[in-house]
Amino acid sequence: MPAIFIGHGSPMNAINDNPYTQAWEILGQTLPRPKAILVISAHWYTRGTAITAMLKPKTIHDFGGFPDELYQIQYPAPGSPELAHRVTKLLAPEPIYQDKEEWGLDHGTWEILVRMYPQADIPVIQLSIDGTKPASWHHELGKKLSSLRDEGVLIMGSGNVVHNLRAMNWQNAQAEPYPWATSFEQFVSDNLHSHESPHPLTKALEREDGKQSNPSAEHFLPILPILGTWDGEEDISVPIEGIVSASLSMMSVIVG
């Protein structure tokens, strides 16, 4: 099973028709059908690591100021306590909090899956991003999870490699990208296949264009465990590219 990172952009992508949402729909039709999906979303940023372990994860509308239509969306995919326990074993001895009621599926997960798998008939769990850990830890996390790919689990990171909301041109999605946004996205693209250790992208936010592209780390970090699942030989492709509103990258990556 491939592993994927999706640049998720605005929650409105759950209901809008555009080249990015069309590409997500194509991915859902062309990727091997997963037995289950493990999502690492930028919108579950925690101290320590948690995993959803409930049978019926709720749909979380973790945003404000959007049309009512968006708040009506439900994504009633089943959970998988069994997969949650499997992930916990793979990550041992790291303590993983089994969340059975507090979280669910946030919009970094369901806004993509409602386009890829609209039937909501594939079990979905979320693994949180531990904001106390260094970037290299998140890359290593992917190595520990990589065996799930052989078990038919789709590992998906959801974020944006360029995510500077303060600098966005909210009135013009077609606005010319800032030079720092373009250069940082290119740096990410150029280093996807790197065999260096530590991986260059674990140091990416130390670059000046990295700091401008990501004033906070949570939207960038989900790409690192996806790249961590790479076996060093298989293909890594970029099926979706584009920077919207000058400072929001929709770049997506497929490993395998």
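Two strands count as paired here if DSSP finds at least two bridges between them, with strands (E, at least two residues) and helices (H or I, at least four) taken as DSSP runs numbered from the N terminus. The model is predicted, so to speak of local features takes pLDDT of at least 70 and side-chain atom pairs count only at pLDDT 80 or more, while totals for chains, interfaces and linings use all residues. Residues are numbered from 1 along each chain as its sequence is written, and side-chain values use heavy atoms, leaving out hydrogens and water.

**View 1. Strand β10 sits between two parallel partners in pairing terms: β1 and β2.** Five bridges join β1 (residues 3-7) to β10, and G7 has G159 as its bridge partner there. With β2 (residues 36-41), β10 pairs over six bridges; I37 is partnered with L154.

**View 2. Helix α1 crosses helix α4.** The axes of α1 (residues 19-30) and α4 (residues 107-116) come within 7 Å and cross at roughly 65°; axes are lines fitted to C-alpha atoms over the stretch in contact, with angles from 0 to 180 degrees between N-to-C directions. On the α1 side, T21, W24, E25, L27 and G28 meet E111, I112, R115 and M116 of α4, where contact means heavy atoms within 4.5 Å.

**View 3. E102 is out on a loop.** You'll find E102 between β6 (96-99) and β7 (104-105), exposed at 51% relative accessible area. Leaving aside neighbours within four places in sequence, E102 touches K58 and Y97. Its C-alpha atom is 9.5 Å from that of M54, 48 residues away along the chain.

View 4. Rings of Phe, Tyr and Trp (its six-membered ring) pair if their centres lie within 6.5 Å; planes under 30 degrees apart are stacked, over 60 edge-to-face, and the rest tilted. The whole structure has seven such pairs.

Key. Buried < 20%, exposed > 50% of the residue type's maximum accessible area, 1.4 Å probe, protein only.
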